[in-house]
Amino acid sequence: MAGAATGYVATAEVPAAQVLRHQAIGFVVMAGFFAAAPFFGVYPVFLMKALCFALFACAFNLLIGYVGLLSFGHAAFLGSSGYAAAHAAKIWGFAPEAAILFGTMVACALGIVIGALAIRSRGIYFANITLAFAQMVYFFSVQAKFTGGEDGIQSVPRGTLFGVLDLRQTMPMYWVVLAIFLLGFVVLYRVIHSPFGQVLKAIRENEPRAMSLGYAPEHYKLIAFVLSATLSGLAGGTKAIVFQLASLTDVYWTTSGEVVLMALLGGIGTVFGPVVGALVIITLEHFLAQLGAWLTIVQGIIFVICVLTFRRGIVGELARIIRKPL
Amino acid sequence: MPTLVIAFVTVATLALAAPARAQISDGVVKIGVLNDQSGPYADITGPGSVTAARMAVEDFGAAKKNLKVEVIAADHQNKPDVGSSIARQWFDAEKVDVIVDVPTSSVALAINQVTRDKGKAFLVSGAAASDLTGKACSPNTIHWTYDTWALAHGTGSAIVKTGGDTWFFLTADYAFGHALERDTEQVVLKAGGKVLGKVRHPFPTSDFSSFLLQAQASKAKIIGLANAGADTINAIKQASEFGIVRGGQNLAGLLVFISDVHALGLEKAQGLILTEAFYWDQNDATRSWAKKFAERQRNAMPTMVQAGVYSAVLHYLKAVEQLKSDDGTKVIAKMKEMPTDDSLFGKGTVRADGRKIHPMYLYEVKKPSESKGPWDYYKLRATIPADQAFRPLNEGECPLVKK
């Protein structure tokens, strides 16, 4: 993660009000883009997938970008929430909002357990421990009866939101997903720019000094970890309802790796970076599917170019050019 | 004046031509081949299935019959969400009428649901899940080539009947492996065989030595490999290193394809017993088709999945021609009504639950000395007649079948 160290943009140099103004412009541009895209011929189901992964990458970015913890097991939260939401909606007949909430809570609980143990280590050990836990969740999903093993949980009903909005139609589903994404994004944004977020950044820069100032880094790290897990769970639960399925792909370690790449490509430690990174990766995966065997090669080349030429990621480089944090 | 005549003639021709194609949505029958183009199943399905679909369109003579048919393809990367969003986009935005192939059961089951919701057609060749004609059966899906039930039962009963009456199972420790083991064990016992022991190995495993030694010590005539993909390949390779086949025991692969045998080589795969729905060297018709296929596919012979794609697309186009419509639900109903007939699978039928019925074959992999050339791999051990090859209609719990 050599790129991570260079990706941080020094927020301290810019007055707070200015930060808020142009980040607010960025937020409006982003919300406007997603609101308008389906009307310009972009396929809504594809956009919903991109939004779910964008939220997932933003949640992941909270840990890597603002606490400096590289988790290599975030698929565990995305996937377990997906299974929980799918099971709740299909077998227990939960309404979609309740199913997503249930999935999010499961991810939150899992985040508390894994987080409490994992934050005792740091650096490569932290990455390894989170990976180990994620693999445990994966093997549990392979073996457990209710997950359906290789087949996954299929034909999950989308249902009607709050008993009013019929989600079987594509566009209502799209607005719901967009609302969930924006909600998650605003929550993360508030966390990052709160005094709590400042302490996280302090811990990232120099943990012993933060401790000497009277902060307990373990508490802050655990809260950040659980927040990140919960929002990953929100993304996973929503994804399960959108695609009407939950499968092993979402708990597999490649998904944990994919989210690292999304954050890296977009710009670690930037607010909008993970969204851009997720869009790029999902677009590649979706549109290069027609290329067949060339897909993995093209993806690889793009990563190599990114790491060699713009180490701060797309948004990180943009922020450097306009000299403002994004 | 001449312009007016031309205009009149054009309009008249269009009006006359229109009824023939009135029901074909946007004038084109669009076939989407969705499978694994780059991962573990790319040799079994992959670009070969696309070639097979194109060959079916040519052999059907679509151009001569004034029917416009287009074949497109994509890679689902074995991820159900990627497969499901491609399928939705194909149906919604690109006017695809039928999706074929789709290996990986989780992806196939997801597309089974999408196809049903959109009222299109789905012809499965690559996936093995017998649920597709069981609990998850749909009026928009036909499962063409094989399924886990057919493989387990075919291999189990036919081997016992041809002398392999004592078994030892090497099972991948997850739902799929357990199901395969359970199904096969039932058949072995029913056919009068004995199961001397079984061992579960983690999924995935790279070192099979301790499991294989247990299997060897059991002295069972047949070692059943209730696993798939890389696990099966590793088990076969290591069994050859332990000299298990030379010692008089046979391996029975429950999910092995000719492309796997090709990759292993005869030296390692010899003596392996497996069930297939199609082998290129069955008769003159399959040989001549396979030769044409190999010319377009870098000399690779077709797998049963690719042959199944050919046969399924051909039958689909025949149904579209008869019906003069490409409405998914109607075409699938017509396909079930019409008997199937093609040069690869011969005459067959499609059952109410969407199961295509044809014979299955039990093959044994030849010794290197018996093989006459490249791709000459199998000798026939038994033929499982069509009426016994697949799960009986009333046992599948398919809601479409009236009790």
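**A β-α-β unit**

Which β-α-β unit do β8(B), helix α8 and β9(B) make, a right-handed or a left-handed one? Strand β8(B), helix α8 (residues 229-241) of chain B and β9(B) make a right-handed unit, the term meaning that, with the strands pointing away from the viewer, the path from the first strand over the helix to the second runs clockwise. Helices (H or I, at least four residues) and strands (E, at least two) are DSSP runs, numbered from the N terminus.

The model is predicted, with local features needing pLDDT of at least 70 and side-chain atom pairs counting only at pLDDT 80 or more, while totals for chains, interfaces and linings use all residues. Residues are numbered from 1 along each chain as its sequence is written, and chains are lettered from A and ligands numbered from 1 in the order in which they are written.

**Strand β9(B) and its neighbours**

Strand β8 (residues 222-226) of chain B runs parallel to β9(B) and is joined to it by four bridges, with Ile223(B) having Leu251(B) as its bridge partner. Strand β10 (residues 273-276) of chain B also pairs with β9(B) in the parallel sense, over two bridges, pairing being assigned if DSSP finds at least two bridges; here Ile273(B) is the bridge partner of Ala252(B).

From β9(B) (residues 250-253), Asn250(B) and Ala252(B) point one way and Leu251(B) and Gly253(B) the other, and all are buried (20 or more other C-beta atoms within 10 Å of the residue's own, with C-beta atoms placed from the backbone).

**The chain as a whole**

Chain B holds 14 helices and 15 strands, and 57% of its 403 residues count as buried.

Conventions. Buried ≥ 20, exposed ≤ 12 C-beta atoms within 10 Å, placed from the backbone.
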